[in-house]
Amino acid sequence: MTVVFNLLILLAERLGFIMILAFLLVNTSFFRNLIKSRNSKAQIWLTLIFSIFVIISNLTGVEITNSKEVVMPTIITNLSQSYSIANTRTLVITTASLTAGPGVGMVVGLVGGLHRFIFSNFSDSFYIVSSVLIGFLVGKIGDQVRGKQLYPSIFWVGILGLGAEFIQMAFICIFRGFDLVKLVIVPMAFLNTVGSCLFIEILKTYMSNERQLRAVQTKDVLELTNKTLPYFRKGLDVDSAHHVCEIIKTYTNFDAVGITDKVNVLAHVGAGADHHIANEPVLTDLSKTVILTGKRRLAHCKAEIGCPHPHCPLAAAIVIPLQVNQQTIGALKVYFTDPEKLTVVEENLVAGLATIFSGQLAIGIAEEQTSLITEAEIKALQVQISPHFFFNALNTIAALMRVDIDKARTAVMQLSIFFRSSLQNGQEKEVTLQQEKKHVDAYMNLENLRFPNRFQLQYHVEVSSKVLIPAFCLQIFVENAVRHAFKGQKNNNQILVEIVPYDDDYFQIKVSDNGQGIKQQIQTQILKEPIIESHGTGTALYNLNRRFLGLYGSISQIKITTSAKGTSFIVLIPWQLSKEEIDL
């Protein structure tokens, strides 16, 4: 009886060691993902993991001599043919079968049986058969009784664990005698059954906690989504980003929250706000890497964040790209002043927020672009049916018919070209440079027929005529110069359109005039809000800038330089060719 009790205590120690390893394993997201998927790749990994466990079980067993004495080496490296061993091998095979299925259970049983056969100097080969049989039966029955659940109930786990040990005892009784069975059956059956139940219960508890945690995270994400949606639907700018960061900071434990576009910080709320400033370039190497690669990154120390400010308090970070149509348009960043605060919970929460925010931005951009395109179409139609524009053109044609039939015919053709291109281009977000130039030329030809030699339009183009640009963008720039730049000037009114390469990603459009410049009070408002003027609503440039921002991001916002000697409008456009050009 004393031997049985000692064996029970020693096996309990071994079981504790296995449970510690199991607990550490379950705490890894890699292992949890494997047992949830059960695909072929996961089964290979699970086979490898449980095979290592079953070998450890053999090596840490308790030796039993011929005289039924218990020997407790630290690790069993060699076993006499006449000796026996009590271990937790059956426990590992049982849990492998219950968590990964009969296939994995049989392979793990084969590995455990072969290892037991080899290190016992090629004796007791029956362990190979018994271990494989246990893996098969436990896995098959476990799949039947678990139903739609990931694991069987604890009752069934106990029954299967006990049944597995009885199968093992039956083989031992046949090949080694009943005396050995009497010695080991109670401690091994009890501990291996309890161990199987504990292992599965650990898995169930952790999975249940994980589901509850995800439910809480989902609730948090949905609340934040509801509060941030109105801002993101307006687009990604300094104002919307600041409000979103304030909301996230209020409802979470993050020490700082930031949002960037591809180039600049749009908002930063919390620790480090003294040097992470809106409308200034992104500082940290971490954020630059995320924006460049489009992949999330974690930083667990200041060095990994890469902030050049010497007294930056940020010590850990999660940075996740914001993507629309598979293109990175910015990044969501959360920071911690204590690296210990960065956990899997925070990482999952930020990942969920970034995914939803990207969707919100996509919706907002789509809605805004649809609205702007509709406005462009309406404006094009309004130009076509505008009584003022139409009658001016007709009056010009009528006057020319009395003095120059050829010019009158040219005017009719230019009016036809202008209206036709307005209709065609108004149906597209982007058109080729060739199409837009044709539209602008028709407009300028009509103006020059009305006011001979008043305006001189020149082009300096170093890019393909097939590059894509937003519809009506050149026409709006040129029309703005014609209508507003040369008030009171009868001649020498120069307009220059320059389209040249900028770098490998962008080309530059620059439309300049030698007019009187833009008034200071108008210059500060012209791209930020519609301007009410006596000769129009002033919305064309404002809406065009919104279209650039929506299509290409903040790097393509219009830049204005103006003085008493003239005005220039500059914008960067990503390199894109029309489909016809690509096909060639």
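**Close-ups of a predicted model**

View 1. Cys 307 counts as buried, at 17% relative accessibility, while Cys 301 is partly exposed at 30%. (Buried means under 20% relative accessible area, exposed over 50% and partly exposed in between, using a 1.4 Å probe and protein chains only.)

A quick note on what you're looking at: this is a predicted model, where local features need pLDDT of at least 70 and side-chain atom pairs count only at pLDDT 80 or more, while totals for chains, interfaces and linings use all residues. Residues are numbered from 1 along each chain as its sequence is written, and side-chain values use heavy atoms, with hydrogens and water left out.

View 2. Five strands line up in the order S5-S4-S8-S7-S6, with antiparallel pairing. Strand S5 (265-270) and strand S6 (297-299) sit at the edges with a single partner strand each, so one side of each has no neighbour in the sheet. From one strand to the next, the twist averages 15°. Helix H9 (residues 238-251) packs on the sheet, touching S4 (256-261), S5 and S8, and its direction makes about 25° with that of S5. Helix H10 (residues 285-293) lies across S4, S6, S7 and S8, at about 25° to S7. (Helices are DSSP runs of H or I with at least four residues, strands are runs of E with at least two, and both are numbered from the N terminus; strands pair if DSSP finds at least two bridges between them. Axes are lines fitted to C-alpha atoms, for helices over the stretch in contact, and angles run from 0 to 180 degrees between N-to-C directions.)

**View 3. Strands S7 and S8.** Residues 316-324 (S7) and 327-336 (S8) pair in the antiparallel sense over 9 bridges. Look for Gln 323, whose bridge partner in S8 is Thr 328.

**View 4. Gln 168 in helix H7.** Gln 168 lies in H7 (residues 154-176) and is buried, with a relative accessible area of 2%. Leaving aside neighbours within four places in sequence, Gln 168 is in contact (heavy atoms within 4.5 Å) with residues including Arg 89, Phe 126, Tyr 127 and Ile 134.
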